[in-house]
Amino acid sequence: PPPPEEPPIPPEEQKIHQDAERFARLLVQEIVLYHPREVDQGRNQRNLYQILREDIERSREAFEHRFTKPSVRQRDYFNKALVKYLAEGNASLLGN
């Protein structure tokens, strides 16, 4: 089933949400860039999180430290970036 639709972002919060989405993408793309062998291995074995746990959690902490606003946290931009860029759109590749 398609994911539930998120409520629209209020105009006064548009920039912070864009910044959060961009920062999450940057953090995850850095993992992909600096760990190509581990990414390939994790995708093949369907355990990306297990293999890259340290880097993922360090990046998650950086994201959460920078973006504390509840409306940003509710959108879960970091996890969405993990699925989109690290797991190539397939959340099952992240493993448990």
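## Basis of the report

This is a predicted model, in which local features need pLDDT of at least 70 and side-chain atom pairs count only at pLDDT 80 or more, while totals for chains, interfaces and linings use all residues. Residues are numbered from 1 along each chain as its sequence is written, and side-chain values use heavy atoms, with hydrogens and water left out.

## The aromatic cluster

Two rings of Phe, Tyr or Trp (its six-membered ring) pair if their centres lie within 6.5 Å; planes under 30 degrees apart count as stacked, over 60 as edge-to-face and the rest as tilted. The Phe23 and Phe63 rings are stacked, because their centres are 6.4 Å apart and their planes meet at 15°. This pair links distant parts of the chain, with Phe23 in helix H1 (residues 14–34) and Phe63 in helix H3 (residues 48–66), 40 residues apart. Helices here are DSSP runs (H or I, at least four residues), numbered from the N terminus.

Phe23 also forms a tilted pair with Phe67, at 6.0 Å centre to centre and 50° between the planes. Since Phe23 belongs to helix H1 and Phe67 to the loop between H3 and H4, this pair ties together parts that are 44 residues apart in sequence. Phe23, Phe63, Phe67 and Phe78 make up one aromatic cluster.

Phe23 has 15% relative accessibility and therefore counts as buried; Phe63, at 3%, counts as buried as well. Phe67 is likewise buried. The terms are set by relative accessible area: buried is under 20%, exposed over 50%, and partly exposed in between (1.4 Å probe, protein chains only). The ring of Phe23 also has the charged end of Arg66 over it, 4.3 Å from the ring centre. Such a placement requires NZ of Lys or CZ of Arg within 6 Å of the ring centre and within 35 degrees of the ring normal.

## The buried side of H5

Tyr77, Phe78, Ala81, Leu82 and Leu86 are the buried residues of H5. They lie on the same side of H5, because they cover an arc of only 145° around the axis. The arc is taken from the directions from the helix axis to the C-beta atoms. Among the elements that cover these buried residues are H1, H2, H3 and H4.

## Ser71 and helix H4

Ser71 is part of helix H4 (residues 70–75). Its side chain makes a polar contact with the side chain of His17 at 3.3 Å. A polar contact is a pair of N or O atoms within 3.5 Å; within protein, one must be able to donate a hydrogen and the other to accept it, and residues adjacent in sequence count only if both atoms are side-chain atoms. With neighbours within four places in sequence left aside, Ser71 is in contact (heavy atoms within 4.5 Å) with Glu13 and His17.

## Loop residues with positive phi

Arg46, in the loop between H2 and H3, has a positive phi of about 60° although it is not a glycine. Arg46 is partly exposed, with a relative accessible area of 43%.

Asp76 lies in the loop between H4 and helix H5 (77–86). Asp76 has a positive phi of about 55°, again without being a glycine, and is partly exposed at a relative accessible area of 35%.

Conventions
Helix = DSSP H or I, 4+ residues; strand = E, 2+ residues; numbered from the N terminus.
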